[in-house]
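Please read it with the sequence and the coordinates open beside you.

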Amino acid sequence: MKDIKRYSPVEFKVTPLKIENRDHWDVVLEYHNEGDGPWLVDLCHRPRLDLQTGHLNVKKPFGITIPAIPGQSVLEKGFLINRMNRIQSSIYHLGGDAVEIPNETEYTDVTEATVFLAIIGAPVFAICEKLSSLDFRDKTRETPFLLQGPFSHVPCQIVTLSRDGEKSGMVLTCSRGYAKDMVDAIVHAGEEFGLKPAGEKRFSDWIDSL
Amino acid sequence: MMSRFNHLPTLKIDTSDKIPFTYRGKTYYGTKGDTVATALYANGVRIYARSLKYHRPRGLYSMDGECSNTMMEINGTPNVRTETTLLKPGMVIKEQNVKGSAKNDMLGFLDKMDWAMPAGFYYDTMHKPAKIWPVAMKQIRKAAGIGKLSPDHHMPGKYDEIYPTCDVCVIGGGPAGMKAALAAAEKGLRVILIENRPWLGGHFDYRTTEYVNRQTHHDRAVQLAKEVENTDNIRVFTHTANVGTYNNNLITGFQVGTEKDSFTERYIEIRANSVVVATGCIERPLLFENNERPGVMQAGCALRLANTYGLLPGKTGVFSIGHDLGLEAAVALHDLGMTIPMIADIRQDGQDPSLVKALADRKIPLQRGWVAIEVHGKKQVQKVTLKSVDGAVGKTVDCDVLVASAGFTPLTGPLVVNQAKQKYDPHTNFFLPTDLPRKMHAAGRLLGFENSRTIEASGHLAGIQAAYDCESCSIADLGEAKKAMESLPGPARGTKLVMAPVKGRKTFICFDEDTSIKNIKQSIDKGFDVPELIKRFSGAGLGPGQAGIPGHNLPLFTARYQALPDIKIRPTTVRPPLVPTLIATYAGTNHTMLKRTPIDDLQRKDGGIFRNIGVWQRARYFSRDFTAKKEIENVRNNVGMLDGSTLGKFRIHGPDALNALQRVYVSDLSKIKEGRVKYTAMCNDDGCVIDDGVVIKLGENDYYFSTSTGRAGQTIEWIRYHTRYDNWDFSLVNLTDAMGVINLSGPNARKVLEKVVDIDVSNEGFGFSEYKEFLVADTIPVKAMRLGFVGELSYELHVSASYMKALWLMLWEAGKEFKIQNFGVEAQNVLRMEKCHVILGQESEQRTNLLDIGMGFLWARKKTGYKTVGVAALAQAQQDNTRLKLVGFKMENNGRAPRDGALIVDDRIRGHVCTARNSFSLNEAVGMALVEGDMSQVGTRLAFYEDECNGELIYGTVVETPFYDPSGQRMKM
């Protein structure tokens with residue numbers, strides 16, 4: 001039905017420039033005055049899956065091998081697959097067209113369970129440092145890698161995708177209910193660095209560049 | 001205004017940039033780079049404040065805020081350390097703890113009353129008779145204190161926080177700290193260097209004497225600072241005080257922002273693999289009569305006043321010192337124009353020959369083995385009496401400044417707060433740090449080194465040691481660094497505690513608390529014979545200077561006064577914060593982090609009044625009538641909607657999913673039928689009920705279950721914990737936030753729902769306790785349950801969070817003709833209480849088990865083989881009649897309801913009220929209470945005791961439950 005809308009828990013106080021309706025979501029592709037970065041992007045509409053089984057080693061979601069060590073991530077074919085622990089992996093669909101969610105019971109669609117954000121730009125780690133003691137700059141970790149821990153005091157999954165100057169960036173998920181306060185905290189922390197909301201296009205271009 | 005030097009290479013001020021400020025109502029000017037204290041000094045201010053107890057005049061002393069002498073009120077904030085606070089345009093500066101002015105304080109007469117205030121006088125004199133104390137306390141508090149703060153004072157500024165991580169954290173940006181940082185950085189490590197002052201350089205920075213090969217100490221400091229700043233992997237935080245160090249090398253501090261920064265102050269919490277402490281030394285105060293009179297200052301203070309801030313401390317300066325820095329200061333200040341009639345050096349020998357020659361060249365008399373014994377001058381230094389250490393000869397010399405310094409005290413605070421020990425070293429006369437914590441190293445002057453190259457080499461060694469901790473260098477590197485140290489001079493001989501024979505009545509060992517030598521003697525004479533006891537009895541070291549001034553003088557003097565043959569006495573325990581820290585800085589940005597439901601904005605638009613409930617914000621009321629009467633009546637008579645999205649929601653799947661559920665739930669869940677809802681509960685090992693909710697079978701080995709709002713965050717861990725040895729294969733997914741919940745309740749609920757859905761929702765088609773899945777408008781997937789928590793026909797609709805708003809609005813539209821209204825948490829609370837449905841945490845507390853609250857019917861006693869958590873305890877408890885029981889009660893004579901939590905009493909406490917309200921459905925006050933077993937019989941009279949009831953009890957009677965619709969027809973209609 002045309003009238004039924006799905007709502008993201010994230011609402012930026014800026015005017016959208018381009019919007020696309022996708023599976024009942026109003027996806028903002030671009031905002032007015034996005035600036036030169038850093039950027040904060042709402043990705044709540046992007047599908048996320050939880051894959052949980054005692055036999056994770058034999059699973060190949062979307063044909064991709066799950067990293068063997070907890071904390072490792074892999075970005076392939078538009079999917080970001082993060083090894084969380086012995087039995088659990090999170091899967092984020094970051095790019096490309098809509099996907100069919102696997103029918104196996106080990107998969108749970110958790111798109112609605114979390115708020116999903118990307119922070120992109122050179123000062124991303126300086127911003128994050130104001131909100132978390134997690135070590136995003138740890139040289140012993142190769143990107144992409146997953147950190148699970150508090151960000152602005154809230155348990156989060158954070159995947160650092162790049163630490164390459166302007167291309168630096170990460171994606172973050174936490175319980176959906178925290179969306180407003182999490183966005184407020186990030187926007188506040190990023191104020192001094194010129195952090196601005198950006199549309200999905202900015203994110204897609206960034207992912208393509210990695 | 002005093003004229004200022006502007007030609008010195010060491011200056012940190014820009015005399016061309018004037019900064020206006022207000023002091024005592026008048027406008028003055030400082031210069032860019034000034035601290036508040038130096039700006040006032042430049043404008044002729046010598047008395048900054050009055051002391052805590054005796055209202056003695058106090059002035060500039062250390063330049064590092066080691067005592068409360070120069071604490072003032074700035075822009076309404078009291079106790080600002082003006083020696084370390086940079087001047088900003090428009091600052092309004094006031095004196096504190098004065099009646100009148102700092103110069104003419106009407107309470108100055110108290111200085112003569114010291115005879116009436118011996119150490120611990122308030123313990124001795126003001127408690128007998130006891131009624132004196134409240135009066136005396138009031139007067140003492142009026143007269144004493146350092147600054148006043150209004151309870152509604154709003155702290156100006158912006159306070160931030162950061163949590164950086166590094167391999168090596170170096171505390172102290174002097175030569176040793178910088179060398180340590182460079183050494184660790186050369187090994188490829190991430191280094192953080194924090195420095196208390198606004199620039200790097202430490203004690204090299206303000207000295208123009210030769211370092212090596214005609215390079216001055218200042219130039220060397222600049223050279224090292226440039227190296228540090230140009231090293232990418234060293235991150236420098238200047239103007240950053242170290243506040244605490246903790247195990248696992250957590251370092252805390254705060255940074256003062258510059259005009260370029262976005263913050264006024266920011267709290268810093270550093271996690272490091274290894275730590276180097278190179279905090280250097282402060283000067284040990286010299287003890288003599290009136291040793292804190294304005295005009296008396298430490299050698300470093302006098303030298304920095306001139307070399308850093310371009311101010312000559314005075315016209316004529318006498319020196320009474322015990323180290324070469326004092327001699328160096330005398331030479332430097334003489335060359336800048338100060339007349340120096342005499343230097344009294346405590347030491348008989350050991351002076352640097354080049355400095356002795358420099359003094360001789362300038363015809364400055366140096367008296368070895370002499371010391372100041374008394375300063376004269378009512379408010380400022382006018383002259384000083386000096387004597388030989390044995391007291392045999394002496395003289396009095398006119399001056400306006402006395403530079404006084406007995407020796408050095410190592411700044412071991414960062415080590416000691418992290419559990420390092422201290423041991424007296426007779427060579428350096430320091431209490432040196434020993435037994436350093438793992439991966440923590442000390443370097444530089446705090447180890448007693450005075451030779452500049454040794455100081456740097458010790459820093460380099462510490463940096464290499466830290467790199468070794470991080471597995472980034474070899475044992476050979478370590479050996480090389482140690483070898484380099486060995487070829488250099490070791491720790492210098494320190495100055496013993498020397499003081500000429502004085503009575504000590506006005507010889508202050510602690511400036512902050514006005515504690516004199518005489519007070520220390522009084523404490524020891526009363527049996528308080530170690531510094532920790534003396535501190536508490538006399539107050540020495542309890543002030544805002546964090547024991548900076550009494551520091552090591554206190555244990556040294558304590559040992560001497562008791563003629564202890566060996567100094568086993570230790571300095572008092574140091575605790576964080578190592579420097580005074582604003583509460584605002586600790587608070588930081590303090591982002592509110594609470595959860596909101598998917599229709600939070602709709603509920604606010606509809607006038608919801610929100611309260612924090614656990615991690616959530618929930619609409620408790622929808623009007624200012626906090627009885628929620630209209631909301632309750634609308635649910636009972638029409639239809640209402642409640643946002644129940646905060647309920648915990650989980651999926652459990654996998655071959656052992658049922659086993660896991662059987663382990664934690666008391667009911668037998670193997671009997672759940674698809675399409676039915678099973679209400680059940682969890683207990684802890686003691687049988688105490690911790691959670692309740694419903695379980696639904698979605699498919700083979702696949703279940704959906706709900707928990708209470710408060711338990712949602714712990715549920716996965718709870719289940720995993722209680723199945724940890726079973727090696728069961730099951731998966732748990734938290735869907736709490738993924739699903740919104742709409743509770744559609746009231747006699748017209750069916751009429752509303754059937755307008756929106758395509759399925760049969762009649763009582764036959766969708767009966768009580770049934771579960772259905774369907775699509776609304778072919779789009780919105782819904783999990784629906786027929787429940788009756790509020791005692792009316794109710795549907796609980798679980799819907800994907802992103803669709804929640806759409807479905808809510810559809811139901812709202814459909815319900816308009818039936819006068820649909822919101823109802824909030826309070827209305828729900830009353831509605832379910834009338835029905836005697838429990839809310840865990842409200843009708844239960846930690847000791848309440850499943851049986852106590854009448855929910856024993858959930859316990860499947862025949863279920864075996866699952867080791868269900870808590871059932872062993874329940875089996876025992878069912879024989880126990882002494883336990884509290886949940887009962888319903890009504891109030892006598894149509895009286896009002898008691899408050900939640902009111903006690904139930906006879907000659908002792910017999911229980912408490914869980915929930916009680918004036919019921920609009922029943923037209924009387926009813927409630928539920930936990931009472932002792934013998935009071936749970938119907939007809940028992942209960943007496944309620946409420947806070948502040950002044951002994952006037954109210955009464956009720958135990959009645960049958962539930963109060964409302966006992967047959968349950970309304971929820972099954």
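1. Of the 973 residues of chain B, 53% count as buried, where a residue is buried if 20 or more other C-beta atoms lie within 10 Å of its own, exposed if 12 or fewer, and partly exposed in between, with C-beta atoms placed from the backbone. Chain B holds 23 helices and 50 strands; helices (H or I, at least four residues) and strands (E, at least two) are DSSP runs, numbered from the N terminus. Along its principal axes, the C-alpha trace of chain B spans about 115 × 70 × 55 Å. Among the contacts in chain B with a separation of 6 or more, 67% are between residues 24 or more positions apart, two residues being in contact if their C-beta atoms, placed from the backbone, lie within 7 Å.

2. Some conventions should be kept in mind. This is a predicted model, in which local features need pLDDT of at least 70 and side-chain atom pairs count only at pLDDT 80 or more, while totals for chains, interfaces and linings use all residues. Residues are numbered from 1 along each chain as its sequence is written, and chains are lettered from A and ligands numbered from 1 in the order in which they are written.

3. Helix α6 of chain B (residues 299-307) is mostly covered, with 9 of its 9 residues buried. Among these buried residues are Cys301(B), Leu303(B), Arg304(B) and Asn307(B). The buried residues of α6(B) pack against helices α1 (36-42) and α7 (324-335) and against strands β17 (281-284), β18 (296-297), β19 (317-321) and β25 (401-405), which belong to chain B.

4. Glu450(B) lies in the loop between β29 (440-442) and α10 (452-469) of chain B, and it counts as buried because 21 other C-beta atoms lie within 10 Å. The C-alpha atoms of Glu450(B) and Pro489(B) are separated by 8.7 Å, although the two residues are 39 residues apart along the chain.

5. Helices α17 (residues 629-637) and α22 (residues 825-834) of chain B have axes that come within 9 Å and cross at roughly 55 degrees; axes are lines fitted to C-alpha atoms, for helices over the stretch in contact, and angles run from 0 to 180 degrees between N-to-C directions. That angle makes α17(B) oblique to α22(B), since angles under 35 degrees count as roughly parallel, over 145 as roughly antiparallel, 65 to 115 as roughly perpendicular and the rest as oblique. In this pair, Glu631(B), Ile632(B) and Val635(B) of α17(B) meet Ala827(B), Val830(B) and Leu831(B) of α22(B). By class, this contact has 5 nonpolar, no polar and 1 charged residues; Ala, Val, Leu, Ile, Met, Phe, Trp, Tyr, Cys and Pro count as nonpolar, Asp, Glu, Lys and Arg as charged, and the others, Gly among them, as polar.

6. Strands β22 (residues 370-376) and β23 (residues 383-388) run antiparallel and are joined by 6 bridges, two strands being paired if DSSP finds at least two bridges between them.

7. In chain A, 5 strands form an open antiparallel sheet in the order β5-β6-β7-β4-β8. β5 (73-76) and β8 (107-109) stand at the edges with a single partner strand each, so one side of each is left without a neighbour in the sheet. Within this sheet, β4 (residues 48-52) and β7 (residues 88-93) pair over 5 bridges, and Leu49(A) stands opposite Ile91(A).

8. The contact between the chains takes 39 residues from chain B and 36 residues from chain A. On the side of chain B, the largest share, 5 residues, comes from α21(B), and the residues there divide into 15 nonpolar, 12 polar and 12 charged.
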